[in-house]
Amino acid sequence: MKDNNQTPAQSIVSATTSTLQHLKEIAALIDTGSYTKEVRRVARAVRLTVGIRQKLTASVVASFLDFALGPGSEAHARLSSFVPKSDEHDMEVDTASSTSLAASKHVPVELEIYCYFIVLLFLIDQKKYNEAKACSSASIARLKSLNKRTIDVIASRLYFYYSLSYEMTGDLAEIRGTLLSLHHSATLRHDELGQETLLNLLLRNYLHYNLYDQAEKLRSKAPRFEAHSNQQFCRYLFYLGKIRTIQLEYTDAKESLLQAARKAPVAALGFRVQCNKWAILVRLLLGEIPERSIFMQKGMEKALRPYFELTNAVRIGDLELFRNVQEKFSKTFSEDRTHNLIVRLRHNVIRTGLRNISISYSRISLTDVAQKLRLNSANPVADAESIVAKAIRDGAIDATIDHKNGYMVSKETGDIYSTNEPQNAFNSRIAFCLNMHNEAVRALRFPPNTHREKESEEKRREMKQQEEELAKYMAEEDDDDF
């Protein structure tokens, strides 16, 4: 019997050949989609590329460029300059196993743009961000001269990696004008997928530099359209939630952030973690306490640990514990860019502690209030008096201040079910469920030309019925003849 064990060199060559064969099949799919003008084939080719992304090597990319573009073309020369020289042995194997597609017929522009996409993916995965910047800039310059709907799917991915390569090198502000012009062109060409991708990239660009007002102006004036990509829609909801949070519109921000976390794919763990971090802070700013199950989600326990301790401090109303947590995880909060929101939470901690005090004591001196709230100011009694007065005015506590004797006198708590608060809470839950149902109905997809198929079935049924009636009538006529 023959030994089927392969040497390491043979296994590498076979893996390389397999990856190259997959790329050839994808190229054939793009070629067919270009000829038949079917966007779904090009979209499927992009999805298939994600599965072999981790298998891309310099030799595979170089061999695929030889196969798809041909060694003598201008695009081949430009893209080959970004691919590092690989091992000569691998190159010989790949070159020998591939025949040039460009030699047999004209290369479609979709395949050329796809080659830019492959090279850009390879450079970013290899963390060669400067070369990725040059390659993405060349791809954007090439895209500006093209106007075909079959390219839109690949173009939207190129826009994303174009922005990513500049973000990783810290030069994100340089491409803002280019992104605006691309968004304008996509709007004129009715490229809705490109529009939503570029809008998200522009929002990310503005938010990266804390330009929330400019981001809101762009978002409010951007043309409305139906979302085509669930990923892009989730990103849009996340950016919208961040803008609403900074603008103190916490209710709308909470809805956007929770919807983004719910709609996000299970594999997008980092994105869902970010959504949950902001949603937790927004709920705390609204005076709500998030459920413990939110912090115990699979794969998020470690990332959400600082926010769990922060929530515990807000729930207890302990200002000293809140300061300790803020100092302990200051680096994490700075990296998450949520430090300014946590500063806003100090007032909520004081209000929660004051509410607990008003429930526990029917009458308490302002000196004891300042001591229990752990106010470390120059004049804590005066600060406690102003805090209590503001809480009474805002309706956070039901109490009065005896300024003469320096006391806070709490009123008896009434029955909450005698008020409209339970009705309002129940109404908000009903509105949320109805909104979710309406979104699910809008997201339903039906096969094309279903109405025509129904019409044809009805026509066939009518024709069959008419034939049966005609046959019955002819049979009756025959009986009459006899």
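By the rule that a side-chain nitrogen of Lys or Arg must lie within 4 Å of a carboxyl oxygen of Asp or Glu, the count comes to 15 salt bridges. The structure is a predicted model, in which local features need pLDDT of at least 70 and side-chain atom pairs count only at pLDDT 80 or more, while totals for chains, interfaces and linings use all residues. Residues are numbered from 1 along each chain as its sequence is written, and side-chain values use heavy atoms, with hydrogens and water left out.

One of these salt bridges joins the side chains of glutamate 216 and arginine 219, at 3.0 Å from N to O. The two residues are three apart in helix H11 (residues 212–221), which means that about one helical turn separates them; helices (H or I, at least four residues) and strands (E, at least two) are DSSP runs, numbered from the N terminus. Both glutamate 216 and arginine 219 are buried, where buried means under 20% relative accessible area, exposed over 50% and partly exposed in between, with a 1.4 Å probe and protein chains only.

A further salt bridge is formed by glutamate 288 and lysine 254, whose closest N and O atoms are 3.1 Å apart. Because glutamate 288 lies in the loop between H14 and helix H15 (292–295) and lysine 254 in helix H13 (residues 250–263), this pair ties together parts that are 34 residues apart in sequence. Glutamate 288 is partly exposed at 26% relative accessibility, and lysine 254 is likewise partly exposed, at 21%. In the salt bridge between glutamate 309 and lysine 328, the closest N and O atoms are 3.7 Å apart. Here glutamate 309 belongs to helix H16 (residues 305–316) and lysine 328 to helix H17 (residues 319–328), so the pair connects parts that are 19 residues apart in sequence. Glutamate 309 is buried, with a relative accessible area of 19%, whereas lysine 328 is exposed at 57%. Salt bridges that share partners also join Glu216, Arg219, Arg244 and Glu249 into one network.

The secondary structure of the protein comes to 23 helices and three strands, and 42% of its 482 residues count as buried. In soluble globular proteins, nonpolar side chains tend to be buried together. Leaving aside neighbours within four places in sequence, phenylalanine 322 is in contact (heavy atoms within 4.5 Å) with residues including Leu310, Ile342 and Val349.

Aromatic rings were paired when the centres of Phe, Tyr or Trp rings (for Trp, the six-membered ring) lie within 6.5 Å, with planes under 30 degrees apart counted as stacked, over 60 as edge-to-face and the rest as tilted; by this rule the count comes to nine aromatic pairs. Phenylalanine 238 and phenylalanine 271 form an edge-to-face pair, 5.5 Å centre to centre and with 70 degrees between the planes. This pair links distant parts of the chain, with phenylalanine 238 in helix H12 (residues 230–246) and phenylalanine 271 in helix H14 (residues 269–285), 33 residues apart. Phenylalanine 238 is buried, with a relative accessible area of 8%.
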